[in-house]
Amino acid sequence: MTILIKNANEVITLKSNIQGPRTKEQMREIAVVENGSVLIEADHIVAVGALDQLEVDFPDLVKKAETIDASGKIVMPGLVDCHTHLVHGGTREQEFNMRLNGSTYMEIMNAGGGIHATTKRTRETSFEDLYEKTMQHLDVFLKHGVTTVEAKSGYGLDWETEKKQLEVAKQLQATHDIDVVSTFMGAHAVPRDYKGREDEFVDVVIKDMLPKVAELELAEFNDVFCEKGVFTPEQSQRILEAGKALGLTPKIHADEIEPYKGAELAAEVGAISAEHLLVASDEGIKKMAEAGTIAVLLPGTAFFLRAPFARGRLMIDEGVPVAISTDFNPGSSPTMSLPFIMNLACMHMGMTLEEVLTATTINAAYALNRGEQIGSLEADKKADVVILDVANYKQLQYFYGMNHTHTVIKNGQVVVQNGILLKDQ
């Protein structure tokens, strides 16, 4: 199939000569083409530019193309949500009410709520029910312009349930329009029956779970919750290094609730990203900048928990490549609206309009090791494209808390039109 998107007010390409995630002032260079067009052939982008030039350079393709008129709208790369806990059982709205009445996240978790509550529900939920529920979630993401999403396990804390979560994600990667990228997070919490025997559970993750994940090719990444009361930096390092030895790229939940040298550890082990970082130290931020570790910031979690926001402005100024994500999960960020998360990043983390676009496209793509294939509109990259019903990119955050997605093209196929999933029409 050949598609020509034409007459867009703006095409935000994110094109650059820079290889790798963007840092500092590079995050503001979003490469806008006014009155631009995008030519797509099969599943890849052929060219981006002025329509008259495309007609000269590719006359046969332009002539046969199905045309989409984007007059009055903007065009940009499909959004990349690079940190979610997508596959899970149940909901936890009762904990939201508890927090409104004064309970803290860790108090709820220590009382049997939090991750443990979702673990119980996920263990009890069948593969089929998890698959159907997650399919519905992916439909919502797609309608918000997300074309690639990461999915962490971690609500099993035993092999059978961790495997079930990862297999649901793998099946959805094969059947849903969105690309689903899997991360193993068996070290999301210490199971209750291992309380006081935390090192034994670390050994279970390292010696039992990780080899099976690698052998069955169920994940690309390995994540751990490095937090006081969960896994220590020493335990986290053991888990991440063991995963690396098996070919799993390290990620780390770091410095979310208390400063715990998680950012420093991310840099030391060569993690592709450190995530959360609400209370990361100045030293940890500097070490991440030196190592090129991507900071995946999750303002929706801070918003929902009424916690301090991560210091996104400082991280960017220090040279850390920053991505932002929903952290969609049932306890601390039950939202599938990445556009709203972009709003929060502008209003509460000091990020500019341009920086949040970079953080949810090309930098988020690099946080999933896919920056060479997606995240910008350039020749030969995958044709993951979103058309938004705003007059210019500045209106995306100006009209906040709204979904402006009009059309989504995934792998060269129109999957959302007029804000509606085509499969629902």
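## Strands and how they pair

Two strands count as paired if DSSP finds at least two bridges between them, a strand being a DSSP run of E with at least two residues, numbered from the N terminus. In this predicted model, strand 11 (residues 273-276) runs parallel to strand 12, with three bridges joining them.

Which residues of strand 12 (residues 294-297) are buried? On one side Ile-294 and Val-296, and on the other Ala-295 and Leu-297, so both faces are covered; buried here means under 20% relative accessible area, with a 1.4 Å probe and protein chains only. In a regular strand, side chains alternate between the two faces of the sheet.

## The whole fold

Overall you've got 17 helices and 17 strands, where a helix is a DSSP run of H or I with at least four residues. Buried residues account for 60% of the 425 in the protein. The C-alpha trace spans about 70 × 45 × 45 Å along its principal axes.

Take contacts (heavy atoms within 4.5 Å) between residues at least 6 apart in sequence: 72% of them join residues at least 24 apart.

## About the numbers

Residues are numbered from 1 along each chain as its sequence is written, and side-chain values use heavy atoms, without hydrogens and water. Local features need pLDDT of at least 70 and side-chain atom pairs count only at pLDDT 80 or more, while totals for chains, interfaces and linings use all residues.

Conventions:
Buried < 20%, exposed > 50% of the residue type's maximum accessible area, 1.4 Å probe, protein only.
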